[in-house]
Each structure stands twice: as structure tokens, then as C-alpha cells.
Amino acid sequence: MGLNIESAIKYMFKDKDCKKKLLIGSLFMIGMAVLNVMSNVAELIGDMKEEQLKAYMHLLPQFLIIGSVIFIGASILNIFSSGYFAKNINLRIFKPDAELLEWSDWGNMFLVGIKSTIAICIYIAVFLLILMIPVFFIVLSAAVFNKGAVILCIIVFILLCLILSVFAAIFFSAASLAFCTNLKFASYFNFPLITKFVTKNFLEFFIYVLLIFALSTMANIVNGILALTIVGIVAIPFVLFYQLLVANDLAAQFVRNTLDMNESAQEQQNS
């Protein structure tokens, strides 16, 4: 059946209330934009020289307080956004011609976002634990073997990081799709369904992942250009929101193409 890209980029504009929904969504995207900015600021601070850091040490308490408040506020907005996107995908799986999901039922939206956030944290923790294994061998080789063995271990570690990162991205993409079939936390760990998404329709899954990556890359390029002007900066949250809405429809299309509707309905009822 394939993925209908044209439908994915146009569906939101068929909604008579699309302007209102896009505006609200763009406001929530400020949380994601702020978290990205804070990440960049942290990198800049990490690159500062020791003399520069000492010059700002007296402002550290104020920075920590303000930074913590901004981080918490942005994280809450991000949780709501995550819940909205998961619910929007779920809606479009079963009702492909439905209008954009309403910004309502805030409690449920936040709960769905919490489920998604916790699952992400669990997967990140597992990923980091797996990476600790080669780190252990690097430390051991440094203590027991010669310099050449240490360099070899570091090279193997870098290659392992790259391979695991690709695998983790693919696996978590499929796990997110599984979650969106019924919005139940356990579905993030429904490994038979996750495996089915990757193996049953592998070519289309591969195309889906590439399209999501391409969308993200294009959005980053556009946002980089917009960031050059004050007016452009205001438009960045809209670009982020629109990009993710397109990704939502592509995700729903892939689920419908991979599972027949009877299977999808069953997944919605069962974890």
C-alpha cells in the first residue's frame, strides 16, 4: 500500500479549526525549543575556559534557580506535547479521515505524556547500562594491558556506540508505534508487536524511518535559517509542530498498513 506523503503534509489543513489547533500546538512546542536551547547553552558552558567560568561563578546560584524553573516548565510543556502526538497517532490509526485531535482532555493527555516520558527514560537507562560493559573492558585493559590494547578497545567502543545507537533508534521507533496502538504503558515493551513492526513490513518500516529522519533534518535546516531573524525565531515552534504532525500521520499509515484493522482493534483493547 505504501506511505502517502502528500496526505501526511496536507491532512491538518482540512480541519476547519486548524489555525486554532496549530497555534496552540506551536505554543506547546516552545517547551521543546527551550530544552534544545538549554542543551546548546550547556555545550557552550562546557567549552568555556576555566578563567571564563571563574568570572561567572558568583552568579551560579541564580543560574541554577532560573535554569531549574525554566527546565521544569519546558519539561511539563513537553509532556503535554508527547501526550498529544501519541493520542493523535492513535486517532489516525483507527480514523484516518479524522480532523486534528482537539486540545482537550488535558488530564489524560498529560498521563499519556508521562507514560511516554517514563518509557523513554527506561530505554535510555538500559542503553547506558549496555554501554557500561565495554567501558569496563576499556578500564580493565588500561590497568592490565599495553597502550595498543587500550586504543583497540576505544575503537571497538566507538563502533559499538554507533551500532547500538542505530539499533536503539530503530527499536524505540517500533516501540513507540506499539504504544500508539492502544496508549498502554505495557505496549512499549510488547516485544512480539515491536518485532512485527520491524520484520513483517521491513521495507516500508525502513522507508518510514528514513522519512522521519529526513523530516527532522529539513526542519532543523529551516529552523537554522529562521533563527537568523527575530521574526523567524517566532516561527520556529510552528515548524516543529507541523513537522511532528506530518510524522504522526506517516506513523498511523504505517501501523494501518502493517496490521489489519482487526489486529489494530485487538491491540487497542489488549496491552
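The residues lining the largest pocket divide into 34 nonpolar, 13 polar and no charged. Nonpolar here means Ala, Val, Leu, Ile, Met, Phe, Trp, Tyr, Cys and Pro; charged means Asp, Glu, Lys and Arg; the others, Gly among them, are polar.

A word on the source. This is a predicted model, where local features need pLDDT of at least 70 and side-chain atom pairs count only at pLDDT 80 or more, while totals for chains, interfaces and linings use all residues. Residues are numbered from 1 along each chain as its sequence is written, and side-chain values use heavy atoms, with hydrogens and water left out.

Now the fold. The chain has 10 helices and zero strands. Both are DSSP runs, numbered from the N terminus: helices are H or I, at least four residues, and strands are E, at least two. Of the 271 residues, 35% count as buried. Buried means under 20% relative accessible area, exposed over 50%, partly exposed in between, with a 1.4 Å probe and protein chains only.

Back to the pocket. Its volume is about 1,800 Å³. In total, 47 residues line the largest pocket, and Ile120, Phe172, Ser173, Ser176 and Ile212 lie nearest its centre. Which helix gives the largest share of the lining? That is α6, with 13 residues. Helices α2 (18-47), α4 (60-94), α5 (106-144), α6 (147-182), α8 and α9 each supply at least two residues. A pocket is an open set of points on a 1 Å grid over the protein atoms alone, where a 1.4 Å probe fits, with protein on both sides within 12 Å along at least five of seven lines; lining residues have an atom within 4 Å of a point.

Next, a helix pair. α8 (residues 202-226) and α9 (residues 230-258) pack at about 175°, axes 9 Å apart. So α8 is roughly antiparallel to α9, a term for angles over 145 degrees. Their contact has 18 nonpolar, five polar and one charged residues.

Lys87 lies in α4. Is Lys87 buried or exposed? Buried, because its relative accessibility is 13%. The Lys87 side chain makes a polar contact with the side chain of Asn108, at 2.9 Å.

Asp105 sits in the loop between α4 and α5. Its phi is near 50°, positive in a residue other than glycine. Asp105 is partly exposed, at 46%.

Leu183 lies in the loop between α6 and α7 (191-199). Phi of Leu183 is near 60°, also a positive value. Leu183 counts as buried, at 13% relative accessibility.

Technical notes:
Axes are lines fitted to C-alpha atoms, for helices over the stretch in contact, and angles run from 0 to 180 degrees between N-to-C directions. Angles under 35 degrees count as roughly parallel, over 145 as roughly antiparallel, 65 to 115 as roughly perpendicular and the rest as oblique. Grid points are joined across faces, edges and corners, and a volume is the space filled by probe spheres set on the points. A polar contact is a pair of N or O atoms within 3.5 Å; within protein, one must be able to donate a hydrogen and the other to accept it, and residues adjacent in sequence count only if both atoms are side-chain atoms.
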